[in-house]
Amino acid sequence: MASITPTHNTVEMTPNAASKTLVLAVTGASGSIFAAEMLRALEEDQRVARVHLVVSPSALRVFAEEFRIVGRNALVEKLLGRQSEKILLLAHEDIGAPIASGSYPVDAMVVLPCSMGTLAGIAHGLAGNLIERAADVCLKERRRLVLCVRETPLNLIQIRNMAAVTEAGASVFPVIPTFYNHPQSVEDIARNFVHRVLQHISLPQPSAYTWGSTEDSSS
Ligand SMILES: Cc1cc2nc3c(=O)[nH]c(=O)nc-3n(C[C@H](O)[C@H](O)[C@H](O)COP(=O)(O)O)c2cc1C
């Protein structure tokens, strides 16, 4: 009887193998710290193999205001505090980038923070820059798209745009902090929000705060 050579299922053998490809888009709404915390979490997450980062020109303007980071040069290093092998910064106007095509596999896209301008562009299918186009692709391919909108108060146009993207399959995930987890710093607030977003796209974080658990591991 012929011997059977054991075959190994790579996924089973290495359950933590990096396999996820994500898009992180940063637009010109206030809250640069949320984007920076998201980048840090994705950089550290062993399940994430590749992050396509797209930063709008207006987001750069907000970075300059909130972080005193100027320009696109070495942006990932400046935000992360170190170099990254997995985070790839793409040009906002490069509608020929891989994530602009549905043939390129992407597990989920997060826009954090998401300006009302980009929300409107996505809601109306404009696809006029790489962020709008990649989001459009996620919707047509029925992939996870999370729009972390930030504005207050809201006008009726913005509310209708949120309804439109929700009907098209996106999640509207407003940048709203929590306090029941007793955050000790602005970073804590941003981190907890990021953990909630990652849980929403099936990347639960081991250090995330869970309401009802006896241990508070968020600090
Ligand atoms: C410091 C600063 C803060 C801003 N905050 C917001 C905001 O919280 N929400 C929003 O929708 N727009 C905000 N804006 C306006 C957007 O940046 C502007 O509408 C821009 O055109 C959005 O472009 P984008 O969606 O391509 O990034 C802000 C602008 C600046 C300079």
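**Close-up views of a predicted model**

View 1. Leaving aside residues up to four places away in sequence, R144 touches A108 and I201. This view, like those that follow, is taken from a predicted model. R144 belongs to strand β5, which covers residues 144-149, and one of its two partners, A108, falls within strand β4, residues 108-114.

**View 2. Packing of helix α2 against helix α8.** Two packed helices are described by the angle between their axes and the distance between the axes. For helix α2 (residues 32-44) and helix α8 (residues 186-200), the angle is about 60 degrees and the axes are 9 Å apart, so α2 is oblique to α8. The crossing in which α2 passes α8 is right-handed. On the side of α2 the contact is formed by I33, F34, E37, M38 and A41, and on the side of α8 by V186, E187, A190, R191, F193, V194 and L198. Sorted by class, the residues of this contact comprise 9 nonpolar and 3 charged ones, with no polar residue.

**View 3. Packing of helix α5 against helix α6.** Helix α5 (residues 116-123) and helix α6 (residues 130-140) have axes that come within 9 Å and cross at roughly 45 degrees, and α5 is therefore oblique to α6. Here α5 passes α6 in a right-handed crossing. T118, G121 and I122 of α5 meet I131, E132, A135 and D136 of α6 in this contact, whose residues divide into 3 nonpolar, 2 polar and 2 charged.

**View 4. The shell of residues around the ligand.** The shell holds 16 residues, of which T27, G28, A29, S56 and S58 come nearest to the ligand. Helix α3 (57-67) and helix α5 each supply at least two residues of this shell, and the largest share, 5 residues, comes from α3. By class, the residues around the ligand divide into 8 polar, 4 nonpolar and 4 charged.

View 5. L112 and P113 are joined by a cis peptide bond with an omega of about -10 degrees, and P113 lies in strand β4, residues 108-114. The peptide bond leading from T152 to P153 is cis as well, with omega near -10 degrees, but P153 is placed in the loop between β5 and α7 (156-168).

View 6. A74, a residue other than glycine, has a positive phi near 55 degrees and lies in the loop between α3 and α4 (75-80). With 11 other C-beta atoms within 10 Å, A74 is exposed. H182 likewise has a positive phi, about 55 degrees, although it is not a glycine, and its place is in the loop between β6 (171-172) and α8. H182 is exposed because 12 other C-beta atoms lie within 10 Å, and a residue with 12 or fewer is counted as exposed.

How values were computed: Residues numbered from 1 in each chain as written. Predicted model: local features only at pLDDT ≥ 70, side-chain atom pairs only at ≥ 80, totals over all residues. Helix = DSSP H or I, 4+ residues; strand = E, 2+ residues; numbered from the N terminus. Contact = placed C-beta atoms within 7 Å. Axes fitted to C-alpha atoms, helices over the stretch in contact; angles between N-to-C directions. Parallel < 35°, antiparallel > 145°, perpendicular 65-115°, else oblique. Left-handed = near helix turned anticlockwise from the far one by under 90°. Nonpolar A, V, L, I, M, F, W, Y, C, P; charged D, E, K, R; others polar. Near = placed C-beta within 6 Å. Buried ≥ 20, exposed ≤ 12 C-beta atoms within 10 Å, placed from the backbone.
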